[in-house]
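Student: I have a protein model open and I'd like to learn how to read it. Could you take me through a sheet and some ring pairs?

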Amino acid sequence: MLPTLNSLPRVCLAATLLSTPSLHAGDVGALLEHPILAPTLPLAEVQAFAEARVLAMPKVSTLAEWERFAQQTRRDVLDKIVFRGEAARQWRDAATKVEWLETIEGGPGYHIKKVRYEAVPGMWIPALLYEPDARAEKIPVHLAVNGHEPTGKATPYIQLRCINLAKRGIATLNPEWFGKGQLRTESFEHSRMNQLDLCDVSGLAPFYLAMSRGLDLLLALPYADSRRVAVSGLSGGGWQTITISSLDPRVTLCNPVAGYSSFRTRAQFPTDLGDSEQQPNDLATVADYTHLTAMLAGRAALLTFNVKDTCCFASDHALAPLLEAAAPIFKLHGQPERLRSHVNYDPGTHNYEVDNREAFYRIVGAEFFPGDTKYPAREIPSDSEVKSAAQLEVALPADNRGFHELAVAASRDLPREPHLVERDPGAARAKLVDLVKFKPHAVAAERAGEEARGEVKAVFWKLRVGGTWRAPAVELARGTPKGTTLLVADNGRKSAAAEVEALLAGGQRVLALDPFYFGESMIGRQRDYLSALLVAAVGERPLGIQASEVAAVARWAGEEFKDGPVSLRAIGPRSSTFALVAAALERSAIGKLTLSEPLGSLREVIDGNWTVNEKPELFCFGLLKAFDVPQLKQLVGAERMQ
């Protein structure tokens, strides 16, 4: 509790007024809260940044040129994105375990077999096989992939689609999707797949293997016709559909429903920004979703979108760029008619209801049963055959492993080279630069006003970093400063009034900065972490952008104020992490580094079972394999740590 003024000896009064931070915090807080950026600017910058980095479709004039490109792109996506990291490659090569369980009655003409299979060792997927009672020697097979329906495989429209295909003589496998239905547990939440990324293991790999091993299971059935293999799904199921169909040539017909759009479209329309699996690290540097759509050429595709879709991927903006990219390639194959599209108007919302299902049945008939006049194009009423979740439950091992358990296993013995910094600090810094995509940016500074409150003078700066990002900063000083401290905080500069006042009282000039994704530089929309994922998908890293901004501003501040290397003060675990990276890589402009509430180890991200939406920059791909916090501190140097 502060002493009252009357209780202080006169000789102490002046000193107390100057040294007690709370007496000045109101003025400092008001100055820190001064707006500098337009509220829409951070989102606009992310959109422009991402859109400019998405690969364009190649200019090809012959089928042979396209085939060379498509084959190389397919290999690159699988090798460099999907199966990135040693563990992911081991999962790809592991044998698939399949366990058939009970068979239950379906309805007229079909039955349902319960089955479970491993996507990766220890991660079991429950699934249902809708199997026609009477079968020809060879029949079509279909993989029904689900989206974000909480009820998973028990969702009525999913059951109706599977039932209808079984009644048409098609065997359908419907696997549960991660985080939904029977897998609706904390460990299977999609935002935890990024824990694997931190360990240098592609979190996308389990998603892909769940699909490809579902196809393995289907095609191992003795009656499966390998020339007639379909995949379909809504929303997240639509994303699964385009992903497996473009990358696995075994699929001969696909119907993604309201499930994806080009990365360029996603940058322009934030509603289209997908979860972690839809925006994996660096995918857009290898292939856009336009490329994946064109890679369906030579097979059959029906692209379905909804006209009033308020969730995502509305037809008015999502469909045209995909058709524009893919149509010339289907034409090169001499099969333009095999690329079809369907826009749903009734109900037109985010759905795979009867109008969309019947569009799918029609293309199935045209492709798999050409000339069969008995094939029904309309839905066969089957509502009375829809079953409860309990009836469709598939027994699973009690220790079924989700993303978190896989990440815990992958994080053991990391980092791999804990003594690299001691042995070769230059090589360690080069590796860190590559991992976080650090850039030595220049800064163009623009004064955005100034103000004085009491004895504190403030200058408001709009700092354009690298020609891309505008970082807002408030310069505060009282009297003649002895040095400069650059301050960053997890809760933004507005939260740091007490810390700033203490620094001012110590004779420091303070430059309070809000770097990318913090404070006034927040994206400013719901689920804004999706924009951070988009940045990683186009080949950059949020952690690297933040560290690069801090380092660049430190260099600028040293030149602007000419009082030697700046001190760097970071408040909170997130800011402390990018400050460590900045100080490790910028050794001239940044002098002393002070951290408040830092991480003791990056392993806390995994041990705490954190999700990417909470702290997106901490999930930097492969960082923990190479460095933990002690190694980053070594790169900074004990003499610079306070």
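Tutor: Let's go through the sheet, then the aromatic rings. This is a predicted model, where local features need pLDDT of at least 70, side-chain atom pairs count only at pLDDT 80 or more, and totals for chains, interfaces and linings use all residues. Residues are numbered from 1 along each chain as its sequence is written, and side-chain values use heavy atoms, leaving out hydrogens and water.

Student: In what order do the strands of the open sheet run?

Tutor: Strands of a sheet pair through backbone hydrogen bonds, either parallel or antiparallel. Here, seven strands form an open sheet with mixed pairing, in the order β10-β11-β12-β14-β13-β15-β16. Strands are DSSP runs of E, at least two residues, and helices runs of H or I, at least four, both numbered from the N terminus; two strands pair if DSSP finds at least two bridges between them. At the edges, β10 (443-453) and β16 (590-596) each pair on one side only.

Student: In which sense do β13 and β15 pair?

Tutor: Parallel, over five bridges. Val488 stands opposite Ala570 in β15.

Student: And how do I read an aromatic pair?

Tutor: You describe a pair of aromatic rings by the distance of the centres and the angle of the planes. Rings of Phe, Tyr and Trp (its six-membered ring) pair with centres within 6.5 Å; planes under 30 degrees apart are stacked, over 60 edge-to-face, the rest tilted. This structure holds 21 such pairs. Phe49 and Trp469 make a tilted one, 4.8 Å centre to centre with 40° between the planes. Phe49 lies in helix α3 and Trp469 in strand β12, 420 residues apart.

Student: Is Phe49 buried or exposed?

Tutor: Buried means under 20% relative accessible area, exposed over 50%, partly exposed in between (1.4 Å probe, protein chains only). Phe49 is buried at 6%, and Trp469 is buried at 4%.
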